[in-house]
Every structure is written in C-alpha cells, then in structure tokens.
Amino acid sequence: GGGGGSSSFGGGALSAEAMDRNAYDALASDHAECAICFEPLCNPAPVAVFTDRQTRRVCHHFFHLECAQQTAQLSNDCPLCRAQFAGVLAVPNIQDDEQAWFQVCDKDGDGSLNPREVLEIIKACFPVDADKLETDLPKLWKRWDPSMDGQIQRDEFLAPNGLLAFIRSHFLKQNVPVAPVPDIRHDKHGWFSYFDEDGSGELSVQEVTRGLIKSYKLAQDIQSVNRLREIVANIWCIFDADGSGEIDRREFRKGLEQMRLNLSSRDLRRVVSKFDRNGDGMISYKEFVTFCDDGEGYGGGSGRSAGLEEGDKCEARFRGSEKHYPGRIRRKNRDNTYDIDFDDGERELGVRETDVRSLRASRVNEYEVDDEMDRLRRKIQSAIDEKGLDFLECFEH
C-alpha cells in the first residue's frame with residue numbers, strides 16, 4: 001500500500017497525468033513487471049523496447065513484446081514517458097547472440113552500462129530476486145567498476161567471471177508459490193490485504209488498478225486494460241472520499257457499496273447508447289451520476305465536438321490513443337479538424353472531430369429529456385439504496 005511513488009524530471013512541476021504515469025512506472029518496477037499488463041517481465045514471453053526509425057531506443061523502458069506491439073497499434077508514444085517511437089524491437093535471446101542482446105540493452109550505444117541500466121536489464125530478462133539485487137548492487141558495483149566512473153564496460157559485464165555471471169549465480173529468485181488473488185466479489189477485505197503489500201492500510205489508484213487487472217485476467221487484452229484504467233480513474237473520487245490520493249479499508253468497502261445498482265443489462269445498454277459520447281461503448285461514472293442526479297448536460301446534444309470554438313475546454317485522444325486528455329481548442333480548421341493545446345504542455349495539430357469532445361457545461365430543461373430516459377433515471381435513483389448489481393460488473397456487461 002502507498003506504493004507507486006513518482007519522480008520529477010528536471011526539477012519542474014509535473015502535471016497530474018505525468019505523475020500518474022510515473023506512479024505506474026514505479027509500481028511496475030518495484031514488482032519487475034510489464035507496466036502495461038502487470039505480469040512479470042521475465043517469463044517465457046519475449047520482452048521488447050521502443051525505437052526510432054534508426055532502431056535506436058527512445059527510452060529506458062522494457063515491455064512484453066505482445067504488449068508493446070498492441071500499444072503500437074493504438075499510439076506512437078511510450079505509455080510511461082510519452083517518448084515518441086517508430087517501431088518495436090524484440091530483445092534478442094542472450095543465449096543466441098549475447099553481443100546483439102547487449103547492443104539492444106545498451107540504450108546510449110556507448111558500449112557501457114550504468115547501474116540503472118543493469119538493474120532494468122536484469123529485471124526484464126532474468127528470474128532474479130530484484131529487491132535483493134537492488135539493495136546489493138551498489139556494493140557489487142565497486143568490484144567491476146574500479147575507476148568508479150559509474151560505468152561498466154561490455155567485456156566486464158559479459159565475461160565468464162563478469163558482473164552478469166555473478167548476478168545470475170548469486171541472485172536467482174527462489175520458486176516460492178504465489179498465493180491466488182482473493183475473489184473481490186466474495187472477499188473484499190482479503191483482496192484489499194493481498195495488494196496492501198506493505199501493510200500500510202491504504203491503496204493508491206495505481207495499486208487498485210493493478211489488482212483489478214490481475215483479478216479479471218486482462219493481461220492479454222490491452223484495450224480492456226486501457227478501458228479499466230479509465231474506469232478506475234473516473235470512479236476514484238467515489239472511493240477516495242477525503243481526497244488523499246489513497247484509500248483505506250473503510251473507503252474501499254464504502255465505495256463498492258455505493259456502486260451497487262439494481263439495473264438490468266437492457267437498461268444499462270439503453271443508458272450507454274444514450275450517453276456514449278465518443279462511440280467507444282462506454283460512459284464515465286461522472287457522466288452517469290450527473291444524469292442520475294438531474295439530467296444535466298444530456299439533452300438532444302451528443303456531447304461531441306459539434307459547436308466547439310477556439311478557446312473552448314475539451315478532451316481529445318492524443319495521437320490516436322485510447323484515453324482522452326484535457327486541453328483547449330487552439331484553432332478550428334476548415335476541414336473540421338482541431339489544433340489542441342493539452343493541459344500537460346503537449347500540442348497536436350489536425351485532431352479529427354470524432355476524437356474530440358466538449359467539456360463545456362450545459363443544462364437542459366427537464367422536459368427536454370425524453371420519457372424513457374426520465375423513467376430510467378427515476379428507476380436508478382430509487383435503486384441506489386437496494387444494493388443490487390456491482391457497478392463495475394455493469395460496465396463489463
């Protein structure tokens with residue numbers, strides 16, 4: 001619990017979105033997992049890196065090859081650091097060609113590795129006790145880096161008596177059976193304790209998301225992983241009542257109870273059909289609750305980009321990604337595309353109209369909401385206290 005801390009680049013203040021990405025990066029690194037699917041990096045599946053057009057690495061992150069390839073179909077920036085990439089390169093098997101393996105792992109291409117590179121490479125490619133290695137590596141480093149310049153050369157690393165051989169012989173991970181994840185539907189306290197690994201009594205949004213990805217076994221479906229992340233982000237305020245950024249057991253239990261609605265699948269399909277603003281088959285929890293309260297913002301308008309003008313607040317898919325990011329319309333183009341300044345400092349030109357949605361608040365008269373949706377809203381309001389179907393399950397259906 002309380003894990004997934006963030007780090008700052010260049011000392012400047014980070015946006016909330018950048019801090020979220022850093023927290024996911026730290027959480028995955030702590031567990032030596034792929035930061036996309038949260039499965040162990042070192043398993044029979046190959047790992048990969050993102051590269052530019054000259055096949056040079058664009059960042060220090062490793063991912064499962066399958067996850068990286070699926071990500072590349074949705075976007076061209078690293079999901080952790082936003083580095084732009086042009087391709088996905090599988091890391092060669094060290095047994096087949098250790099020189100080619102080292103060349104891919106050596107991000108800077110200078111024939112040497114620093115401690116951070118060594119730690120990331122080992123976590124990604126070898127079944128070692130990552131916690132023990134991270135603790136002992138500074139002491140080991142002096143033995144293979146006599147000049148203490150912070151770099152170890154390729155031959156010193158790959159030699160039969162080099163650092164890699166020493167790590168592989170002294171830091172192999174013991175095959176300790178892993179307890180199964182408790183069923184969140186029947187053992188909420190057990191589920192919370194399972195992912196509260198430091199016993200702090202609190203979970204971060206990233207830890208909850210990781211737990212749900214594992215619970216629902218979504219690792220092989222990156223689009224489902226991305227949808228789940230967006231759902232958790234949208235409903236987090238329901239759990240995190242005190243706004244601390246983390247939830248304790250009481251908040252966790254209360255949040256699950258508050259999200260129980262006795263709606264049929266037919267009713268949910270009607271709601272989604274009515275309020276699916278971006279055509280992805282989903283509505284955010286905030287949109288749903290707003291409708292349930294008073295129908296605000298849900299009249300005949302679609303909520304998409306129609307009527308957007310320069311300076312309007314909006315949300316848009318950055319470079320075709322699944323997630324929408326907040327920003328403002330910089331320019332409305334003649335071809336019905338938009339130039340957008342994102343809140344995190346990024347800018348994109350020519351964003352398609354279908355990838356933009358308005359954040360302008362609007363209210364419709366009660367009589368403008370059609371009879372069927374008004375009936376549904378009353379049904380939802382009366383059902384909130386009945387503790388029926390789990391709302392996360394409603395989203396899945």
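A: Leaving aside neighbours within four places in sequence, aspartate 355 is in contact with Glu315, Ala316, Arg317 and His324, where contact means heavy atoms within 4.5 Å. Please keep in mind that this is a predicted model, in which local features need pLDDT of at least 70 and side-chain atom pairs count only at pLDDT 80 or more, while totals for chains, interfaces and linings use all residues. Residues are numbered from 1 along each chain as its sequence is written, and side-chain values use heavy atoms, with hydrogens and water left out.

Aspartate 355 sits in the loop between β12 (347-351) and β13 (356-358); helices (H or I, at least four residues) and strands (E, at least two) are DSSP runs, numbered from the N terminus. Its relative accessibility is 8%, so aspartate 355 counts as buried. The cut-offs are under 20% relative accessible area for buried, over 50% for exposed, and partly exposed in between, with a 1.4 Å probe and protein chains only. Tyrosine 338 lies 17 residues from aspartate 355 along the chain, and their C-alpha atoms are separated by 9.5 Å.

One of the contacts of aspartate 355 is Arg317, and that residue deserves a stop of its own. Arginine 317 belongs to strand β9 (residues 313-317). With 12% relative accessibility, arginine 317 counts as buried too. Its C-alpha atom is 9.3 Å from that of arginine 357, a residue 40 positions away along the chain.

Stepping back, how many helices and strands does the chain have? There are 15 helices and 14 strands. Of the 397 residues, 46% count as buried. Among contacts with a separation of 6 or more, 58% join residues 24 or more positions apart.

Now for a helix pair elsewhere in the chain. The axes of α2 (residues 65-74) and α10 (residues 222-239) come within 10 Å of each other and cross at roughly 70°. Axes here are lines fitted to C-alpha atoms, for helices over the stretch in contact, with angles from 0 to 180 degrees between N-to-C directions. The two helices, α2 and α10, are therefore roughly perpendicular to each other; that label covers 65 to 115 degrees, with under 35 roughly parallel, over 145 roughly antiparallel and the rest oblique.

On the α2 side, Cys67, Gln70, Thr71 and Leu74 make the contact, and on the α10 side Ile222, Gln223 and Asn226 do. The buried residues of α2 are Leu65, Cys67, Ala68, Gln70, Thr71 and Leu74. Besides α10, these buried residues pack against β1, β2 and β3 (87-90).

Valine 232 is buried, at 2% relative accessibility. Beyond its neighbours within four places in sequence, valine 232 touches Val205, Thr209 and Leu212. Threonine 209 is 23 residues from valine 232 in sequence and 6.7 Å from it in space, C-alpha to C-alpha.

Aspartate 20 has a relative accessible area of 22%, which makes it partly exposed. Between aspartate 20 and glutamine 206 there are 186 positions in sequence but 7.8 Å in space, C-alpha to C-alpha.

Most residues other than glycine have a negative phi. Lysine 217, in the loop between α9 and α10, has a positive phi of about 50° although it is not a glycine. Lysine 217 is exposed, at 71% relative accessibility. Threonine 55 has a positive phi as well, about 60°, and is likewise not a glycine. Its place is the loop between β1 (47-51) and β2 (63-64). Threonine 55 counts as exposed, its relative accessible area being 55%.
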